[in-house]
Amino acid sequence: MKYVKLGDLLVKSGTVTQAQLDRALELQESTGERLGEVLQKHGFITEKQLIDTLMDQLGVEFVDLNTCSIPPEMAQILPKSIAKKHMVVPIRANRTDVQLAMADPLNFVAVEEVQAVTRRRVIPVIAASAALERAVQNLYSNQGAMQAIEDMRRDLLGSQYGAAAQAQSLSVDEDEADAAPAIRLVNSIIDRACTEGASDIHLEPGEGGMTIRMRIDGALRPIIPVPRELQNSVISRLKIMARMDIAQKNIPQDGQAVVTVRQETLDLRISTLPTIHGEKVVVRLLRKTPELATLEGIGLEGENRERFLSLVDSAREGVILMVGPTGSGKTSTLYAIIDRLKREEVNLVSLEDPVEYHIDGVCQVQINDKTGLTFANVLRSVLRQDPDIIAVGEIRDGETAEIAMRAAMTGHLVLSTVHTNNAASSVDRLMDIGVEPYLIAGAVKGIISQRLVRKVCPHCRRPYVPPPEEQSALGLEPGDYLFYRGTGCGECFNTGYRGRTGVFEILPVTPAIRRAIYAHSLSGLEAAIQNSDFQPIIADCRRLVLEGVTSPEEIHRVLGDG
């Protein structure tokens, strides 16, 4: 390929003006980034415009790495260090040529280095940068895992773990050639989990070997099998990271580790459980800097956002409850409220089990039932610490609930979560665990009920005209609507979904609702809710379907027939 300047191509094609190019070149001098990155970052062009221009001007082919299957042996063609350095990935190769996916096919330094290493002629193809980064991570993490498994087959000595037992903060880097195979395999698994955005890693022993699955967007996905003879080495490595007793295999154990993955610090909560085929291990990944702890991150938009802000910003005392089943995002909403309410002049104390994210300016207490640090006991002590706002991670029993209600009635703002299906049923739940109706009526200011729904994958999203029964199920009048669903691609594990967002119903406790709670009247409560401006959760779901964010099938999966 003849040497050409990207800027000249873009100006010639009319994609950017000469003035925009000159400005981008000035910015490039101070940042050292490639010109294409600068132009995109500062809004002069989009990635699609850049790709289209390069295809037209250079005649270079485009490849969609989300649907392209890259043979595992490509990891042997090009070292990972060079692939990550230039963010390129080989997708096909023969004896003389290698087809190289690149975000910038005019990066001649990368082309020449790949040619020198592979001793093959490079045929550049264009790929989107996000898909390229994902392809590099997946190709080489799989290769690292398989290589580690092969090395472990040759070396099953247990002494390899001794040096790591003292480590408190670990760096996950599967490129460490000197590390033991089990360490490299575990590092590779954690690295892959971060790439996929997994919340949990499940290592499940079976009769024929151990299966590794990851929870991605709320669903478990199989990732890689580990031969049976190697599973004890992998489990021992994880137990040492969490400072567990590796000799004790017949009782459940819990531990914690801190690791660094690509400059990001993660907390790992590691739990073991003895089964008939060996110990099952579940690793929960908690990011130190959560992306969800913002109103935008948890999906609060439109009318619900206004209701939420009105409820939270006006509350000076009383109880605000987040309700929903396990895994519905209640903790993220609680953190979003804490982050909004924390101020220098406010004493905000949170009681959590476990403390998932560390927040500056908040006194966070780790609950530990074994040592007597229960929610109820700690809550009593916190009330003697002059708090303004108290966040109780979860109301599990009547004693904790009653203390929280009484604290709210004496001038404190209390935030907490309860496991119930919707806003109205949370009142019944509190009564069931022994809280008097007058306490609930006097203390509770508002209830936020929520679920998490998967978003339609943007890479394989396709429109369709919904049949009348789908429209009716969402409470829509018959009309001309356009819904969206994913067809399945490599980016979304062929599920049609990628990422999740929250759906909400927000119930401020009005005087009429308070009187119905006080009277312990379920029919009166339902009538009072209907007469308020309360919007049920299906209304938020309907909005997301009409906006093409999620699908009717996903709404039915999450809410069921109700």
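1. Let's start with the helices: H14 makes a left-handed crossing as it passes H15. Keep in mind that this is a predicted model. Helix H15 covers residues 398-409, and its axis lies 8 Å from that of H14, at an angle of about 20°. Angles under 35 degrees count as roughly parallel, and H14 and H15 are therefore roughly parallel to each other.

2. Who touches whom here? From H14 come Phe375, Ala376, Leu379 and Arg380, which meet Glu399, Thr400, Ile403 and Ala404 of H15. Sorted by class, that contact holds five nonpolar residues, one polar and two charged.

3. Now the sheet. It is open, has seven strands with mixed pairing, and reads S13-S12-S14-S15-S11-S16-S19 in order. At the edges you'll find S13 (363-366) and S19 (497-508); each has a single partner strand, so one side of each lacks a neighbour in the sheet. From one strand to the next, the twist averages 20°.

4. For a look at one pairing, take S11 (residues 318-323) and S15 (residues 413-418): they run parallel and are joined by six bridges. Within this pair, Leu321 sits opposite Ser416 of S15.

5. Two helices to check against the sheet: H14 (residues 375-382) packs on it, touching S12 (348-352), S13 and S14 (389-392), and the direction of H14 makes about 170° with that of S12. Helix H21 (residues 537-546) also packs on the sheet, touching S16 (444-456) and S19, with a direction about 145° from that of S19.

Conventions: Residues are numbered from 1 along each chain as its sequence is written. This is a predicted model: local features need pLDDT of at least 70, side-chain atom pairs count only at pLDDT 80 or more; totals for chains, interfaces and linings use all residues. Side-chain values use heavy atoms; hydrogens and water are left out. Two strands pair if DSSP finds at least two bridges between them. Helices (H or I, at least four residues) and strands (E, at least two) are DSSP runs, numbered from the N terminus. Axes are lines fitted to C-alpha atoms, for helices over the stretch in contact, and angles run from 0 to 180 degrees between N-to-C directions. Contact means heavy atoms within 4.5 Å. Angles under 35 degrees count as roughly parallel, over 145 as roughly antiparallel, 65 to 115 as roughly perpendicular and the rest as oblique. A crossing is left-handed if the near helix is turned anticlockwise from the far one by less than a right angle, and right-handed if clockwise. Ala, Val, Leu, Ile, Met, Phe, Trp, Tyr, Cys and Pro count as nonpolar, Asp, Glu, Lys and Arg as charged, and the others, Gly among them, as polar.
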